[in-house]
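Subject: Structure handover

Hi,

Here is the structure I promised to pass on. Please open it first, then read my notes below.

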Amino acid sequence: MQSKTFTNGRIRRADYDASTQQLDLHWDDKTVRAYKHVPQEVFRRLCSAPYHTTYWEDRIAEEYPKGTPMSKNTGAEDAAQKFRDLFGGGE
């Protein structure tokens with residue numbers, strides 16, 4: 001899976017799985033929107049666009065079917081889950 005973190009705009013991170021052609025967009029309000037059947041070139045162009053949110057509005061939002069996010073754990077939650085998996089639940 002490929003990931004790209006953004007420092008400006010409303011989109012904070014984009015995760016792309018080339019094998020399933022799924023794109024997950026992580027927003028500044030902590031929501032995740034998933035899109036199916038997204039070509040890798042669209043992910044590449046999103047990552048290189050000067051305004052990621054505008055690119056999403058123009059090229060992704062209405063073009064591709066919505067899906068279920070690949071992982072509902074994000075950021076600290078994901079790190080905490082990996083730690084529990086590695087060292088046990090701490091009970």
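Buried residues make up 30% of the 91 residues in the chain. Here buried means under 20% relative accessible area, exposed means over 50%, and partly exposed is in between (1.4 Å probe, protein chains only). This is a predicted model: local features need pLDDT of at least 70, side-chain atom pairs count only at pLDDT 80 or more, and totals for chains, interfaces and linings use all residues. Residues are numbered from 1 along each chain as its sequence is written, and side-chain values use heavy atoms, with hydrogens and water left out.

The accessible surface of the chain is about 6,200 Å². Carbon and sulfur atoms hold 48% of that surface. Accessible areas come from the Shrake-Rupley method with a 1.4 Å probe; for residues, only the protein chains shown count as cover.

Overall fold

The chain has three helices and five strands. Along the sequence they follow the pattern β-β-β-β-α-α-β-α. Helices (H or I, at least four residues) and strands (E, at least two) are DSSP runs, numbered from the N terminus. Contacts between residues at least 6 apart in sequence include 43% that join residues at least 24 apart. Contact means heavy atoms within 4.5 Å.

The sheet

The five strands form an open sheet in the order β1-β2-β3-β4-β5, with antiparallel pairing. Its edge strands are β1 (2-5) and β5, each pairing on one side only. Two strands pair if DSSP finds at least two bridges between them.

Take the pairs in turn.

- β1 and β2 run antiparallel and are joined by four bridges. Q2 has Y16 as its bridge partner in β2.
- β2 and β3 are antiparallel too, with six bridges. Y16 has L23 as its partner in β3.
- β3 and β4 (residues 32-35) are antiparallel over four bridges. In β4, L23 is partnered by Y35 and L25 by R33.
- β4 and β5 (residues 66-67) are antiparallel over two bridges. A34 has G67 as its partner in β5.

Why is β2 largely enclosed by the rest of the structure? Five of its seven residues are buried.

Turns and backbone

Most residues other than glycine have a negative phi. Several positive values turn up here.

The hairpin of β1 and β2 has five residues between the strands, and G9 takes a positive phi near 85 degrees there. The hairpin of β2 and β3 has four residues between the strands. Q21 counts as partly exposed, at 32% relative accessibility. The hairpin of β3 and β4 also has four residues between the strands, and K30 takes a positive phi near 75 degrees.

H37 lies in the loop between β4 and α1 (40-48). H37 is not a glycine either, yet its phi is positive, about 60 degrees. H37 is exposed, with a relative accessible area of 51%.

Residues to look at

Start with S19, in the loop between β2 (11-17) and β3 (22-27). S19 is exposed, at 67% relative accessible area. Its side chain makes a polar contact with the side chain of D17 (2.6 Å). A polar contact is a pair of N or O atoms within 3.5 Å; within protein, one must be able to donate a hydrogen and the other to accept it, and residues adjacent in sequence count only if both atoms are side-chain atoms. S19 and M1 are 18 residues apart in sequence and 8.5 Å apart in space, C-alpha to C-alpha.

Next, H52. This residue lies in helix α2 (residues 52-60). Is H52 buried or exposed? H52 is buried, with a relative accessible area of 9%. Leaving out residues up to four places away in sequence, H52 touches F6, N8, I11, L46 and C47.

Last, F83, in helix α3 (residues 75-87). F83 is exposed, with a relative accessible area of 51%. Together with L86 and F87, F83 forms a nonpolar patch on the surface, with about 400 Å² of accessible area in total. Patches are made of residues with over 30% relative accessible area and no salt bridge: like charges are joined within 9 Å, nonpolar side chains (Val, Leu, Ile, Met, Phe, Trp, Tyr) within 5 Å. A salt bridge is a side-chain nitrogen of Lys or Arg within 4 Å of a carboxyl oxygen of Asp or Glu.

Best wishes
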